[in-house]
Amino acid sequence: MRTDKDNDIVIELDNVHKHFGDQKVLNGVSLSIRAGTTTVIVGASGQGKSVILKHMLGLMQPDSGQVRVFGQNLAMAGKKGLRQIRSKFGVLFQNVALFDSMTIYDNVALPLRERTAASEDDIRRQVEEKLAMMGLSDHGDKFPAQVSGGMQKRAGLARALVLNPEVVFFDEPTTGLDVRKSNEIYRLFFETQTQLHYTAVIVSHDVPKIFKLADYVTLMANGQLQGCMSPEAFQLSGNELIREFVLETMGPIYSSETEELQSYETP
Amino acid sequence: MKIIALLGRETLRTLETLGRFGMFLALSLYCAVTPPYKVMPIVRQIRFIGANSLFVIMFTGLFTGMVLSLQGYYTLTKFDSVGFLGAAVSLSLIRELGPVLGALMVIGRAGSAICAEIGIMRNSEQIDALECMAIDPYRFLVVPKMVAGIIAMPLLTFIFDVIGILGGFLIGVELFGVSAGSYFHGMYSAVVWHDIEMGLVKSLVFGLLMVWICSAKGFYLHKERDGGFGAEGVSRTTTSAVVIASVAVLVWDYLISAILL
C-alpha cells in the first residue's frame, strides 16, 4: 500500500487545545498529514477523534494552537477562504448525513448543482459514473430511507467523491455495518483512492482491519495524539498507551507475529 | 450572591442569543440580496408556506369575519348604528385581525415545520455536511424560505381579509338582514389606502419574523436545545420557536400600529 508519495503536508495541527466546559478534550494535539497518504486516527470512544476531524474541517475552532490546511490557517481564512479550502474536501460522516428529502441521485448531484456551472446533462453523466462506481446505478431514484445502511454509506461516499476532492475525511465509515458491508466500504475506499489519488483521513476504531489500508496510524488518548507511525511500528510501539490499546483491541502480540511485523518495516 | 451570579449568567446568555439571532438575520438578508439568485427553491417554498396554508387561512378568515359580524351586529344595534357593520368588519380585518391571525395560523402550520426541518438537519449533521461541501447553508436553506415568507404572507393576508369580509356579509346581510348596499357602502367609505398599507406592512414584517425566528431556532438547535437532546430537543425547540414567533407577532403588531397610526 505504501508507495513513494508526495511529501507535501496538506493538513497540519499545531499544539491544538480545545475544551468543552470543564472537560479538556484536546490537550496540545499536533499532527501533519501528507498528500496522497492515508492517515488513520484510532482511539476509544469519547477521546476526541471526531473533534480533531471537525477542527480539520473548520467546523470547530481551537481554543489555542493552529490548524493549517493547504498552508492556510483556518482561523484566519475567513468565510470565503474557508469555502475555497472546503471545495477541495469530501466528507463521509458517521451517520452519512444524506439529505433525507432528496433522492440518492439528487444527493450526489447536489455539490455539482450548487458549486459548478455544469449542465444537467453533464451532471447526469458525472452522477451516474459515481453511482456506478459504488454499485448504486439502480438505486438513484430511491430516498435514503428506502435503502440499507450499507447503501447509504456508499451513496455518502459517492457524494463525497463527486467533485474529485483532494482530501477525503471518513468519520467512523463502517459504524453500524456488518462485516461484509464493512469490507465492501473498505474495498470501495481502496479502489477509489487508487483511482482518484486523494489524501485520506480516517477516524475509526475498526482495528486491526483498518491497519491494512493505512499509511500512518495515530492513537488519540488523554487529549493527545500518541505518535504517528506505520501500522507495523504502531503494533510494536513501546508507548504504554499504544501498547495498552493494541492489547485491548487485538489481543497480545506473540513473538512469531512480532517477527512477521518487523519484516514489513522498511529498512 | 447566588442571585447576582444567576442574573449575570442569564443576561450574558440572553445577549449571546440576541447577537446570534441578529447575525443570522443579517447574513440571511445579505445572501438574499446578493447573487447567485435561484428562483425554483423560492417557488417551492411559496408553495409550501403559501399555497399549502390556503385552506387553514380561508377557514380561519371565514369564521373570524362571521364572529366579527355577529358581535358587531349585537353591539351596533345597541347604538342604532347597524349601517356601520361593513365598516367595522372590514377595518378590523384589514388593519388588525387579517395580518395577525393569518400570521399566527401560518406560524402554527409552516413555522413549526420550518423549525423542525432545520433542527433535524442540524441534529443529523446535514448542515455540517452542507458547510463541508462548501455550500452556504444560509443561501441554500434559509433564503428561499425567507423570501417565500415575505411574498406569501401578504397574499395570504389579502385572502384572509377577503374571505373574512364575505363571512361578515353572510352573517350580517344573509342572517340578520342588514342591507347589502349598506354593508358594502360602509366598507367602501371607511377603508382608505392607509388602512391597506398598514395591513400590508404588518404582513410583510410578520412573514419575515416567522421565517427568521423559526429558522434560527432550528439552525442553532445545538446551541440552545431548550433543555432537551435529540428528538426531544427538536420538539422543545419547535414549541419554543412557535411561542416566541407568536409573541413577536403580537409585540410588533402593537409597535407597527403605534408607529403608523
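At what angle do the axes of helix H3 and helix H5 of chain A cross? They cross at roughly 25 degrees and come within 7 Å, H3 spanning residues 104-115 and H5 residues 149-161. The model is predicted: local features need pLDDT of at least 70, side-chain atom pairs count only at pLDDT 80 or more, and totals for chains, interfaces and linings use all residues. Residues are numbered from 1 along each chain as its sequence is written, while chains are lettered from A and ligands numbered from 1 in the order in which they are written.

**Confidence**

- Chain A has a mean pLDDT of 90, with 91% of its residues at 70 or more; pLDDT is the predictor's confidence in each residue, from 0 to 100.
- Residues 1-6 of chain A have pLDDT below 50, and this stretch makes 10 contacts in the model beyond near neighbours in sequence. Two residues are in contact if their C-beta atoms, placed from the backbone, lie within 7 Å.
- Where pLDDT is low, the predicted coordinates should not be read in detail.

**Helix packing in chain A**

- Helices (H or I, at least four residues) and strands (E, at least two) are DSSP runs, numbered from the N terminus. Axes are lines fitted to C-alpha atoms, for helices over the stretch in contact, and angles run from 0 to 180 degrees between N-to-C directions.
- With their axes crossing at roughly 25 degrees, H3(A) and H5(A) are therefore roughly parallel to each other. Angles under 35 degrees count as roughly parallel, over 145 as roughly antiparallel, 65 to 115 as roughly perpendicular and the rest as oblique.
- H3(A) and H5(A) make a right-handed crossing. A crossing is left-handed if the near helix is turned anticlockwise from the far one by less than a right angle, and right-handed if clockwise.
- On H3(A) the contact uses A:Ile104, A:Asn107, A:Val108 and A:Pro111, and on H5(A) it uses A:Ala155, A:Ala158 and A:Arg159.
- Sorted by class, this contact of H3(A) with H5(A) holds 5 nonpolar, 1 polar and 1 charged residues. Ala, Val, Leu, Ile, Met, Phe, Trp, Tyr, Cys and Pro count as nonpolar, Asp, Glu, Lys and Arg as charged, and the others, Gly among them, as polar.
- H5(A) also lies across strands E6 and E7 (167-171) of chain A, and runs at about 170 degrees to E6(A).

**Six-stranded sheet of chain A**

- An open sheet of 6 strands in chain A has the order E6-E7-E8-E3-E9-E10 and mixed pairing. Two strands pair if DSSP finds at least two bridges between them.
- E6 and E10 (224-229) of chain A are the edge strands, each pairing on one side only.
- From one strand to the next, the twist averages 15 degrees.
- Within this sheet, E3(A) (residues 38-42) and E9(A) (residues 216-221) run parallel and are joined by 4 bridges. A:Ile41 stands opposite A:Thr218 in E9(A).

**Four-stranded sheet of chain A**

- A further open sheet of 4 strands in chain A has the order E2-E1-E4-E5, with antiparallel pairing. E2 and E5 (72-73) of chain A stand at the edges with a single partner strand each, so one side of each is left without a neighbour in the sheet.
- E1(A) (residues 9-20) and E2(A) (residues 23-34) run antiparallel with 9 bridges, and A:Ile11 stands opposite A:Ile33 in E2(A).
- The hairpin of E1(A) and E2(A) has 2 residues between the strands, and in it A:Gly21 takes a positive phi near 60 degrees.
- E1(A) is joined by 5 bridges to the antiparallel strand E4(A) (residues 64-69), with A:His17 opposite A:Ser64.
- E4(A) and E5(A) are antiparallel and joined by 2 bridges, and A:Val69 stands opposite A:Gln72.

- Chain B has 9 helices and 0 strands. Its C-alpha atoms fill a box of roughly 65 × 55 × 30 Å along the principal axes.
- Helices H4 (residues 85-123) and H8 (residues 193-219) of chain B pack at about 15 degrees, with their axes 8 Å apart. H4(B) and H8(B) are therefore roughly parallel to each other.
- The crossing of H4(B) and H8(B) is right-handed, and the residues of their contact divide into 17 nonpolar, 8 polar and 6 charged.
- Between the chains, 14 residues of chain A are in contact with 11 residues of chain B. H2 (78-86), E6 (89-92) and H3 of chain A each give two or more residues to the side that touches chain B, and H3(A) gives the most, with 3 residues.
- That side of chain A has 8 nonpolar, 2 polar and 4 charged residues.
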